[in-house]
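Trainee: I'd like to learn how to read a fold. Could you walk me through one?

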Amino acid sequence: MPFTRITLRKGYSDAQIMQISDILQQSLEEEFSVPPFDRFQIFEELPARLRVFDRHYKSCGRSDNFIQFHILAGKPRSFEQKQNLCRVLCERLHVVLDIHPDDVMVMIQFNTADEWSFSKGQMLG
């Protein structure tokens, strides 16, 4: 049941946005055992003046292609699962879209099933 907010620069084509979405979903399915149709993503394209980030904090250098993935992931995953998700996501983005791994930041948060209502005002838990 992950929900992901993806924040990136303006200028990506619709096809590139779909590729990012597909890469994220494939990575979540493989590394977090997310079901295939459990896809909830919001893309925020922001102008440079609204994207303030340090280009070197814990990185070899970020470019204007810097992308943030904020994942609200439901049930907790192990450190190994989280590490694998981040690694696989970076690798795939680099291979498919030439987005450098230094330009990818992932933040993962967890909550419980009773904090989700997918529809009809009914809680999941």
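**Reading the fold, piece by piece**

Mentor: Let's begin with helix 2 (residues 79–97), which lies across strand 3 and strand 4 and runs at about 150° to strand 4. Helices (H or I, at least four residues) and strands (E, at least two) are DSSP runs, numbered from the N terminus. Axes are lines fitted to C-alpha atoms, for helices over the stretch in contact, and angles run from 0 to 180 degrees between N-to-C directions. Keep in mind that this is a predicted model: local features need pLDDT of at least 70, side-chain atom pairs count only at pLDDT 80 or more, and totals for chains, interfaces and linings use all residues. Residues are numbered from 1 along each chain as its sequence is written, and side-chain values use heavy atoms, with hydrogens and water left out.

Trainee: What is the order of the strands in the open sheet?

Mentor: Two strands pair if DSSP finds at least two bridges between them. Here four strands form an open sheet in the order 2-1-3-4, with mixed pairing. Strand 2 (41–46) and strand 4 (104–109) are at the edges with a single partner strand each, so one side of each has no neighbour in the sheet. On average, neighbouring strands are turned by 15° against each other, direction ignored.

Trainee: How many bridges join strand 3 to strand 4?

Mentor: Six, and the two strands run parallel. For example, Leu-72 has Gln-109 in strand 4 as its bridge partner.

Trainee: Which strands does helix 1 touch?

Mentor: Contact means heavy atoms within 4.5 Å. Helix 1 (residues 14–32) packs on the sheet and touches strand 1 (3–9), strand 2, strand 3 and strand 4. Its direction makes about 140° with that of strand 2.

Trainee: How many salt bridges are there?

Mentor: A salt bridge is a side-chain nitrogen of Lys or Arg within 4 Å of a carboxyl oxygen of Asp or Glu. By that rule there are five. One of them joins Arg-92 to Glu-30, with the closest N and O atoms 2.5 Å apart. This pair links distant parts of the chain, as Arg-92 is in helix 2 and Glu-30 in helix 1, 62 residues apart.

Trainee: Is Glu-30 buried, partly exposed or exposed?

Mentor: Buried means under 20% relative accessible area, exposed over 50%, partly exposed in between (1.4 Å probe, protein chains only). Glu-30 has 46%, so that residue is partly exposed.

Trainee: And where is Arg-87's salt bridge partner?

Mentor: Arg-87 pairs with Glu-91, the closest N and O atoms being 3.5 Å apart. Because they are four residues apart in helix 2, about one helical turn separates them.
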